[in-house]
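The following questions and answers examine a single protein model. Please consider each question with the sequence and structure in view.

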Amino acid sequence: MAILFDGRLSSGTFAPYNRIDIAPGSSDVPPIHAGREGFYERVLDPIGGARYVAKLTAYSGAPGRCEMRPSVEDPAGPGPDYGTRWFYFETLFLDWPIDRSRSVTASNSSKLGDARDMIAQLHDTADVGDTTHQPPFMLAVEGERIYFYTSYDTSATTVATAPNLRVLQSFPLDRGRWIKWALHIKYTINNDGFMHLYKDRRKVYSVTATPTAYNDTVGPFFKSGIYKFFGTNSPASRTIYHSGIVVGEENSSYREVAGEDALDAPSIRSGI
C-alpha cells in the first residue's frame, strides 16, 4: 500500500503538482508554489477550521479552466491495460449561481449539457488519427445537480466524440459543505475493468467486468478543479474550493487516501 501523490493544501503548497491548467491564458508548468492570485490560491477553509485549501477560479472562455494536474500520466501504462488507481479529493461550493446559458455547443451528444462545469476528469490523449473524445471519467455540475459520466472505446481508432457515453448517477448540488469524493478504477480496454465511485464516504456507484478506457497509446491523467463551457449568459467567472488531490496505487485503500474509513451499507444505483 502506498500514496503515490499527496497534493493536499492543508500541510503543503502547490509545489507537488505537475501543472495547473489555466485557460484563457498559459498554464503554469510547474505551478507557482504559493499560487497565482485570482486563479489558484492557498486559503484558510472558508467555512471554518485551521486547514488550508485551494481556491480555484476560472474565467469566461471557450473553455475557461483552472485545474490541478498531479502528473503527465497516471496510471502510466503500458496500455491499453494501464493499471489501477485510487483518487481522493473534496470540493466546496459557495457562491455558485446557476448557469442557464444554452449558447455553447459542448458536444454533439444530447447527454452532455451545454452549460456544464466539469469538476474532475480522468482524461486521456487521443492517438494521431483519432477524433478528439470525451474523458472516460467525468464529474460535472449542471443546474442544481452533479452528474457522473463515463465514456470508452476499445477500437484502435476512435471516430466518435463520446463513444459508449453513459450518464450513470447524479447528486444534489449541496452548497456550504465539503463533499468528499473517491474514485477506485482499473483503467483498461479489456473486460476486467472496474470503477467504484464514493461520495461522502459511501460507495454510490460500482461497475465491474467492463472496459473503462480508450484504446490509446498514452496513459490517462487525472485533474480536478473547474473546466467550464461559458456561454453568453454564463457568469463571468466560477470559483470552487478544493482540498487537493491524493493518489493511491493499486494496493491502496479508501482509508489510506481519505484518512478515514468508508461507511458501511453502500447505496448503489445506476441511472438518474
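A cavity, as the word is used here, is a set of grid points where a 1.4 Å probe fits but cannot get out. The model under discussion is predicted.

Q: What volume does the largest cavity have?
A: A search of the whole structure for cavities of 30 Å³ or more finds one. The volume of the largest cavity is about 30 Å³.

Q: How do the residues lining the largest cavity divide into nonpolar, polar and charged?
A: The lining of the largest cavity consists of W96, P97, I98, D99, A115, D117, V141, E142, G143 and R238. Gly counts as polar in this scheme, whereas Asp, Glu and Arg count as charged. The lining therefore divides into five nonpolar, one polar and four charged residues.

Q: Why does the radius of gyration of the protein agree with that of a compact globule?
A: The C-alpha trace spans about 45 × 45 × 35 Å along its principal axes. For 272 residues, a compact globule would have a radius of gyration near 19 Å, and the protein agrees with this because its value is 17 Å.

Q: What share of the contacts with a separation of 6 or more is accounted for by residues 24 or more positions apart?
A: The protein contains one helix and 17 strands. Of its 272 residues, 56% are buried. Among contacts with a separation of 6 or more, the share from residues 24 or more positions apart is 68%.

Q: Which residue takes a positive phi in the hairpin of β3 and β4?
A: Strand β3 (residues 35-36) and strand β4 (residues 40-44) run antiparallel and are joined by two bridges. G35 stands opposite E41 in β4. Three residues lie between the strands of this hairpin, and the residue with a positive phi, near 85 degrees, is G38.

Q: Which residue in β5 stands opposite L44?
A: β4 is also joined to strand β5 (residues 52-59), by five bridges, and these two strands run antiparallel. Opposite L44, the residue in β5 is Y52.

Q: Is T84 buried or exposed?
A: T84 is located in strand β7 (residues 81-92). Beyond its neighbours within four places in sequence, T84 is in contact with P75, H184, I185, K186, F194, E249 and E250. A residue counts as buried under 20% relative accessible area. T84 has a relative accessibility of 8%, so T84 counts as buried.

How values were computed:
Residues are numbered from 1 along each chain as its sequence is written. This is a predicted model: local features need pLDDT of at least 70, side-chain atom pairs count only at pLDDT 80 or more; totals for chains, interfaces and linings use all residues. Side-chain values use heavy atoms; hydrogens and water are left out. Two strands pair if DSSP finds at least two bridges between them. Helices (H or I, at least four residues) and strands (E, at least two) are DSSP runs, numbered from the N terminus. On a 1 Å grid over the protein atoms alone, a cavity is a set of points where a 1.4 Å probe fits but cannot get out, and a pocket is an open set with protein on both sides within 12 Å along at least five of seven lines; lining residues have an atom within 4 Å of a point. Grid points are joined across faces, edges and corners, and a volume is the space filled by probe spheres set on the points. The radius of gyration is taken over C-alpha atoms; the globule rule is 2.2 Å times the number of residues to the power 0.38. Buried means under 20% relative accessible area, exposed over 50%, partly exposed in between (1.4 Å probe, protein chains only). Contact means heavy atoms within 4.5 Å.
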